[in-house]
Amino acid sequence: MKKWFQRTLYIIITLFLIVGLMSVFMLNYALKPQLKAYTPEESAELLFKQYPHTRSWLDSLVVNKALKDTFIYNQEGIKIHAYYVFASQPTSKTAVLVHGYTDDAIGMFPIGYMYNKEFDYNILVPDLQYHGESQGKAIQMGWKDRLDVLEWIQLAPTLLQNNPNIIVHGISMGAATTMMLSGEILPKNIKCFIEDCGYTSVWDEFASEAKVRFNLPSFPLLNATSWLCDIIYGWNFREASALNAVKKCSLPMFFIHGDKDTFVPTEMVYPLYEAKEEPKELWIVPNAAHAVSYRDNREEYTHRVANFIKQHMN
């Protein structure tokens, strides 16, 4: 009996150690990837390969010193960065554009082109924590980022020297950030949201990736990793929920998702859309993989966004 108890205890301790070590690995793998340090000029050149139509616009912003940037310290004392560009004529219409996982603010400049060049909006494009020029201990998967974006929105009147009416438009993790933000108590100058291929929650996204990439079940690894994240970074995977946030949102929201998306599975958009009260719109983009709906359907994407903002920004 004593030997049986010792063996059982040994097995339990071993399993705990294995799960603990794997959770440390998974947390670092997900939230602290080794991002290649590109200069802004290198990031722009990578951008032009996929979106060559943005080159002349962005070059002109640089030449004319119209591309401005600034740093602030967020509520936790972390230094964060954003770019901003004025419209060609004074206007209150402003788009806050939120980039995706392991991307940066420059990666959102194709959407910036749409708003600034085609719609003649002011644009404000932040680098989320751990990305681009912003600091941060780790990727925050949109949860803490929602509060940083809110800080940028509160600062926008000072930066843009007006009282802006704001649309928030995010892609991938930026879309999750946008939805998570939508559940907060918001300034009255936020008018509407566009989310493009965002996930329902960090738990759901990591559970999907654990299955696809590693063929691992959620329990117990994801539970342990979420608990570890709460200890280290102050939030857990279940509370970081875009689904819970959109249930609280009364402002208009446009949901966009590619029907060939496997990174953030397409089926995630349906419970998000159903949870959101009216007004809302949904566009499932045919044959679009993750985060390429604008790239592969530029004309229709621009047309649909234009129609949405005409309804809700005036």
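Contacts between residues 24 or more positions apart make up 75% of the contacts in the protein chain that have a separation of 6 or more. The model is predicted, and its chain comprises 12 helices and eight strands.

**Overall dimensions and surface**

- Along the principal axes, the C-alpha trace extends over about 85 × 40 × 35 Å.
- Buried residues account for 52% of the 314 in the protein chain.

- Strand β4 spans residues 122–127, and it is largely enclosed by the rest of the structure because six of its six residues are buried.
- Cover is present on both faces of β4: Asn-122, Leu-124 and Pro-126 are buried on one side, and Ile-123, Val-125 and Asp-127 are buried on the other.
- Strand β2 (residues 79–85) pairs with β4 in the antiparallel sense through five bridges; within this pairing, Tyr-83 stands opposite Val-125.
- Strand β3 (residues 93–98) runs parallel to β4 and is joined to it by three bridges, with Thr-94 having Asn-122 as its bridge partner.
- From β3 the chain passes through α4 to β4, forming a right-handed β-α-β crossover.

**Helix α4**

- Helix α4, residues 109–118, is mostly covered, with eight of its 10 residues buried.
- The buried set consists of Phe-109, Pro-110, Ile-111, Gly-112, Tyr-113, Met-114, Tyr-115 and Asn-116.
- After α4 comes Asp-120, which has a positive phi near 60 degrees.

- Tyr-101 is located in the loop between β3 and α4.
- The relative accessibility of Tyr-101 is 25%, so this residue counts as partly exposed.
- Beyond its neighbours within four places in sequence, Tyr-101 contacts Tyr-29, Ala-30, Pro-33, His-131, Ile-139, Met-141 and Met-173.
- For Ala-30, the backbone oxygen lies 2.6 Å from a polar atom of the Tyr-101 side chain.
- Tyr-101 and Gly-132 are separated by 31 residues in sequence, and their C-alpha atoms are 11 Å apart in space.

Technical notes. Residues are numbered from 1 along each chain as its sequence is written. This is a predicted model: local features need pLDDT of at least 70, side-chain atom pairs count only at pLDDT 80 or more; totals for chains, interfaces and linings use all residues. Side-chain values use heavy atoms; hydrogens and water are left out. Buried means under 20% relative accessible area, exposed over 50%, partly exposed in between (1.4 Å probe, protein chains only). Helices (H or I, at least four residues) and strands (E, at least two) are DSSP runs, numbered from the N terminus. Two strands pair if DSSP finds at least two bridges between them. A crossover is right-handed if, with the strands pointing away from the viewer, the path from the first strand over the helix to the second runs clockwise. Contact means heavy atoms within 4.5 Å. A polar contact is a pair of N or O atoms within 3.5 Å; within protein, one must be able to donate a hydrogen and the other to accept it, and residues adjacent in sequence count only if both atoms are side-chain atoms.
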